[in-house]
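Please look over the sequence and the structure below before reading on.

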Amino acid sequence: MVNAVLENVPGNPLQYLTIDACSDVNGNVANVTADACDAFGHPDQDKSFKRRSGQRSRVRKLQYIAELERTVESLQNIGADLAVRMSSLFHLHNALSMENKQLRIHISSLQQAKLIKDGQTQALKNEAERLKQMSARHRRSRSVTSCYDLSSFGADATAVNWQMPDMARLSLNGSSSVSPRSGYGI
């Protein structure tokens, strides 16, 4: 509405104001006494001054309102742009949150798998140490029995093999499902 009114307002709204001898171009009363103005024969000078002042005030008010409307319109455009940007950032945030959750789940499963592998590795190390000890005992028992003639004692050579582990059941790549100390008689 204000834009429609301002279209009818000229570029210089003061061009339609009349200038009399008692006022300058802007409608301000010159440094002339009221008696001097009356001497020029302008009895309605007081009314015309008020009318011109009212016109200037209305024009300034319309210009101020038009400037406010332009400001409001530009701020509304900025608000709409920011709303679109905020919406896209919100969607991006949701997508990143979902990806973060998936990565956390994946990390958790990898940590559990690592714990399992560490347990299996430790079990295999324990089994290997146990086998080394058994092998050392076996070698000691063989060295002791080799000093003697087995035929004189009537000892069976297979009697010593009961301590040897079943190598087919032992797996060093971590896929063994056999517990480390089962089946060896210890």
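## Overall make-up

The model is predicted. The protein chain has four helices and zero strands, and its elements follow the order α-α-α-α from the N terminus.

Of the 186 residues in the protein chain, 13% are buried. The chain exposes about 14,800 Å², and 58% of that area comes from carbon and sulfur atoms.

Side chains of opposite charge can pair when their charged atoms come close.

One of the salt bridges links R70 with E67, with 2.6 Å between the closest N and O atoms. Both residues sit in helix α3, three residues apart, which is about one turn of the helix. R70 is partly exposed, at a relative accessible area of 47%, and E67 is also partly exposed, at 40%.

Another salt bridge joins the side chains of K114 and D118, at 2.9 Å from N to O. K114 and D118 are four residues apart in helix α3, again about one turn of the helix. D118 counts as partly exposed because its relative accessibility is 38%, which lies between the limits of 20% and 50%.

## A buried pair

Are E127 and R130 buried or exposed? E127 is buried, with a relative accessibility of 4%. R130 is buried as well, with a relative accessible area of 4%. Both values fall under the 20% limit, so both residues count as buried.

The side chains of E127 and R130 form a salt bridge, at 2.8 Å from N to O. A polar contact between the two side chains is also found, at 2.8 Å. E127 and R130 both lie in helix α3, three residues apart, or about one turn of the helix.

## A nonpolar surface patch

L75, I78 and L82 make up a nonpolar patch on the surface. Together they have about 300 Å² of accessible area.

L75 is part of helix α3. Its relative accessibility is 54%, over the 50% limit, so L75 counts as exposed.

Key: Residues are numbered from 1 along each chain as its sequence is written. This is a predicted model: local features need pLDDT of at least 70, side-chain atom pairs count only at pLDDT 80 or more; totals for chains, interfaces and linings use all residues. Side-chain values use heavy atoms; hydrogens and water are left out. Helices (H or I, at least four residues) and strands (E, at least two) are DSSP runs, numbered from the N terminus. Buried means under 20% relative accessible area, exposed over 50%, partly exposed in between (1.4 Å probe, protein chains only). Accessible areas come from the Shrake-Rupley method with a 1.4 Å probe; for residues, only the protein chains shown count as cover. A polar contact is a pair of N or O atoms within 3.5 Å; within protein, one must be able to donate a hydrogen and the other to accept it, and residues adjacent in sequence count only if both atoms are side-chain atoms. Patches are made of residues with over 30% relative accessible area and no salt bridge: like charges are joined within 9 Å, nonpolar side chains (Val, Leu, Ile, Met, Phe, Trp, Tyr) within 5 Å. A salt bridge is a side-chain nitrogen of Lys or Arg within 4 Å of a carboxyl oxygen of Asp or Glu.
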